[in-house]
Amino acid sequence: LSSLPREKGWVTSHLFQYQGFWHTSRHLKGVVACQQHFQAHDTDILLVTTPKSGTTWLKAMAFALLKRVRFPDTRHHPLLTNNPHELVPFLEIKLYAESKVPDLTSFTAPRLFSTHLPFTSLPESVNTSGCKLVYLCRNPRDTFVSFWQFTNKLRLENMGTNPLEEVFDKFCWGVSLSGPFWDHVLGYWKESLEKPEKILFLKYEEMKAQPHVQLRRLAEFLGCPFCPEEETRCVVDEILQLCSFENLSNLEVNKNGKLSSGEEHSAFFRRGEVGDWVNYLTAEMLDRLDHITEEKLHGSGLKFEVS
Ligand code: A3P
């Protein structure tokens, strides 16, 4: 980033760089408070993503999986009346936001939290404890388009609608929420190769293509695989249906509700597909984005699917 053009005043006017990644001022306070005060337990599960990679979906699935003994009936389920972000709170954006130090005693094991923190900024206890991490990534083309739509919807940077080209330019320079996108993904990818028992690495595109396979993978990793009796009752299908884009996005709570921080729940449900980039990115943009992705991922073994 030392080579960022100096005239790009936006770089520091809306986002702040901390430990190599970009955060809003509000989020940054939460990041620091979380690093200072969050104590991970051995039984904790942390869902990690870059913004717009499918966090809402992952939260719903992990919650439904882990709480399925307590809430076995998916026709009367907390996910039908609560947005997934309320059921699985963000550490730095919600619990520790504005430098709060929350009382977490009401969370029962296994505690389920989420974060956009890059691997190198995680609170120390996450690494030293037996806490498990699930990382969900999404191809950069769709992540970017979803992110751009989101910034417009929420007026995230407080400057009206954000021109596609400008947000794209920033994204490519690494300046996006929790960006650089590639460094975020690679941090967890490399760690997941070294510690597969600690970090499960999932891809949005694979979840869409093979939801049953990926949900079973998630259940096994979380230590709650489906037993033969559950397989007979088609519990996998029930959970996938409960957490599907079609189902969640059409619920009253997600159509009209708001998070306590003000964001409309509906902002987290747009199209929920792979390949919507085709409607927004020009050939030049694709060239630039793919070139960066190729360079960054070179030699890592990580590949993204884009359609
Ligand atoms: P699009 O903008 O491409 O539609 P996040 O949850 O990390 O903020 O990511 C939001 C993206 O995930 C949005 O993508 C949203 O539509 C999609 N999404 C939300 N819920 C989903 C679900 N249940 N299944 C698949 N995609 C979902």
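## Around the ligand

The shell around the ligand is made up of 7 nonpolar, 9 polar and 5 charged residues. Here Ala, Val, Leu, Ile, Met, Phe, Trp, Tyr, Cys and Pro count as nonpolar, Asp, Glu, Lys and Arg as charged, and the others, Gly among them, as polar. This is a predicted model, where local features need pLDDT of at least 70, side-chain atom pairs count only at pLDDT 80 or more, and totals for chains, interfaces and linings use all residues. Residues are numbered from 1 along each chain as its sequence is written.

Who gets nearest to the ligand? Of the 21 residues around it, that's Thr55, Thr56, Ser146, Arg270 and Gly272. A residue counts as near if its C-beta atom, placed from the backbone, lies within 6 Å. Helices α3 (55-66), α8 (140-154) and α15 (245-249) each bring at least two residues to the shell; helices (H or I, at least four residues) and strands (E, at least two) are DSSP runs, numbered from the N terminus.

## The nonpolar cores

A nonpolar core is a set of buried Ala, Val, Leu, Ile, Met, Phe, Trp, Tyr and Cys residues joined through C-beta atoms within 7 Å. Buried means 20 or more other C-beta atoms within 10 Å of a residue's own, placed from the backbone. The largest core has 63 residues, with Met61, Ala62, Val134, Tyr135 and Leu218 making the most contacts inside it. Helix α3 is its top contributor, with 9 residues. A second, separate core has 5 residues, including Leu15, Phe21, Val175 and Leu177.

## A pair of strands

Strands β3 (residues 45-49) and β4 run parallel, joined by 4 bridges; strands pair if DSSP finds at least two bridges between them. Leu47 has Ser114 as its bridge partner in β4. From β4 (residues 112-115), Leu112 and Ser114 point one way, Phe113 and Thr115 the other, and all are buried.

Notes. Buried ≥ 20, exposed ≤ 12 C-beta atoms within 10 Å, placed from the backbone.
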